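Hi there,

Here is the structure I promised to pass on.

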Amino acid sequence: MAVTARTTVMNNVEAVRHTLHQALTNDPNTLILGEDVGARGNVFLITKGFLEEFGAARVIDTPLAEACIVGVAVGMAMEGLRPIAEIQFADFIYPAFNQIVGEAAKTRYRSNGDYTCPLVIRTPYGGGVRGALSHSVSIEALFYHVPGLKIAAPSFPADIKGLLTAAIEDPDPVLFLEHKKTYRSVKGEVPDGRYVVPLGKADVKREGEQLSVVSYGLYVHQALDAAARLAEEGISAEVIDLRSIRPMDRTTILQSVRKTHKLLIIHEDHKFGGIGAEIAAMVAEEALFELDAPIRRLCGPDVPAMGYAQTLENAFMISTERMADAMREMVRF
Amino acid sequence: MPTTVVTMPQLGETVTEGTISLWLKKPGDAVEKYEPFVEIATDKVSAELPSPVSGTMRELVAQVGQTVLVGAPIAIIDDGAATTSVPTATQPSDIEGNDARRFSPAVRRLAREHRVDPRTLHGSGAQGRVTANDVVAAAQPKHAPEFADGQTIALTQARRLIAQRMVESKHTIPHAWTMTEIDVTDVWKLRAREKDAFERTHGVKLTLLPFFIRAVAAALTRFPLMNALFTESGIRLNQDVNISVVVGLDGNLLLPVIRNADKLRVAELALATAALAEKARNGTLKADDLAGGTCTVNNTGAYGSVLSAPIIPLKQTAVVTMEAVIKRPIVRGDDDGIAVRSMMNACLSLDHRIVDGIIACSFLADIKASLETADPAGFP
């Protein structure tokens, strides 16, 4: 990890823009393709001005065809370019499923190592923004089953820069998830210059003694708020930001559970078969005799989608209060 | 076949668990309703438990020597005769549902590593669950002795409970303390005069204790706030005057209760006290002997103490001590004459949430007056 003395405060969307700009400036093999990334400058204005600065060959507006975006990018990557494909919203990624799972993830294996697929697929995901059925989905569980695919889901500006840089430089495909509710609500210091956070490394955002809370995305911020609130009640909770979903940082999770003996997993994606299921199974396999309480998962409900009505969205999203309640119950157990 | 699950009964107000000391029935044995089928020991009492039903002993859920929480199952009896035991038919599932004695994987592993028996621990978790930290804490002294040389005496169940209650009392009750000096010359003489005859008649020694208990009990009837219990919803006045008498045994401390002590005469109090002390020494005190005390008397003077500041037993307002009787020159009477008198201090610890100094001092003065004007009519 590079240590840089100077930092700049930015929000998450600025961190993405800053990192992409740095990549395009430093490596002529990098390019961006996706819907509205060129003339429009991305729906969140992440790539605004990039078309003018880097030209139409490196900032490519595509048709509304996700299979095409990823398929073309896979070909580019196999032939030595470093494409950064964008799926405008994670909800639209399904047409590209075959290109991601069937092609990108298997390229290295299928070619016996002759070809790699250094491809990044960025996409905003997650709810809590009145995005309703087509602008709220979490997709990580659909893809984390797939060997050969890496998934990152950082939610702090510095982690976004470090992990996006690592993803762009990685020789294999990386699905890069950006929680859209954190885009402008989360600010932080970002190191200037080159900054890399290795893929597959979690981060203990708050140290504690009585309970390990593992989360990622928007909920890391809420879990940290809940933990700070509980500290006033004398409850000491450790909060781990997974940052990378695959590879999963087993070491950090297990170390924490060995200390606190209790594990709470919080994520926005559906509970059934979600990331929490894998973490719980892993801890049960590796550290059953460290557990002093049943593992608990606080997750999105198993309903088909997040409703538009505020009541339905609230029912889907987990409030900081619910997190604090669950944490308190587990510590008292 | 319908079954009845027998659970660990509450053998005293503050008793939370009991240890199986002897099974009187084994699986397959016939059991009559009310027939004792197991002996249970708590830190304070041993008791035989009567069977709630007639039938056949099916399963002994708890082992001899095992400590079981109140309410946890200890045995299952086939309730052969009954055909209407619908509620009991569902009870075996309680065994599954009772979590307090099921230990988490971490607790089991830590207990094994630290050689701690988790069944002997008091859980700090929800519903008394023993947590991993409880095991680590219990194992602590072995790893970090507080002094370089010398041995660590393991806490017995009784010692641990005494410690817990002392701490709880000191933490929750704001203790205030006062003392008075009582001239017991006359009552001391009365006792000396009567003691041989008393022992011949009743078979027990006559001491100053029953006189003192009588004075305290009488004072409690006149100062009901001293015979009360502090609760958040209000001060509860006890209807009865039940005196707990402190009996110290080897490593244990028992408070058997003389019920309605205010209704008893000195001789009756002497007999009751002697009987309770005997049962305490034999370990035959029953739960009823220990429950319901409303005020405590401690004869600290028996060991030569002249002043003590006792801790108030939980659920009581006051504890009174009688200190050693000592002959001293005393200035007395209107003529300021000096006389050798038998003097005794009485110390009072009180719950300052309930009573203030005026009542407390008046209460002690009442005891003093009773004893200084020893009423021969109150004896035997």
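A word on naming before we start: a strand here is a DSSP run of E with at least two residues, numbered from the N terminus. Please also keep in mind that this is a predicted model.

With that in hand, B:S244 belongs to strand β12 of chain B, which covers residues 243–245. Is B:S244 buried or exposed? The cut-off for buried is 20 or more other C-beta atoms within 10 Å, and B:S244 has 24 of them, so this serine counts as buried. Beyond its neighbours within four places in sequence, B:S244 is in contact with B:L255, B:V257, B:G293, B:T296 and B:P313. B:I213 is 31 residues away from B:S244 in sequence, while their C-alpha atoms are 9.7 Å apart in space.

B:I213 also turns up in a helix pair, as part of α7(B). Helix α7 (residues 209–222) and helix α8 (residues 266–282), both of chain B, have axes that come within 8 Å and cross at roughly 115 degrees. The two helices are therefore roughly perpendicular to each other, and the crossing is right-handed. On the α7(B) side the contact is made by B:L209, B:P210, B:F211, B:I213 and B:R214, and on the α8(B) side by B:V266, B:L269, B:A270 and B:T273. By class, that contact has 7 nonpolar, 1 polar and 1 charged residues.

Lastly, the two chains: their contact takes 9 residues from chain A and 10 residues from chain B. The chain A side consists of 5 nonpolar, 1 polar and 3 charged residues.

Best wishes

Conventions:
Residues numbered from 1 in each chain as written. Chains lettered and ligands numbered in written order. Predicted model: local features only at pLDDT ≥ 70, side-chain atom pairs only at ≥ 80, totals over all residues. Contact = placed C-beta atoms within 7 Å. Nonpolar A, V, L, I, M, F, W, Y, C, P; charged D, E, K, R; others polar. Axes fitted to C-alpha atoms, helices over the stretch in contact; angles between N-to-C directions. Helix = DSSP H or I, 4+ residues; strand = E, 2+ residues; numbered from the N terminus. Parallel < 35°, antiparallel > 145°, perpendicular 65-115°, else oblique. Left-handed = near helix turned anticlockwise from the far one by under 90°. Buried ≥ 20, exposed ≤ 12 C-beta atoms within 10 Å, placed from the backbone.
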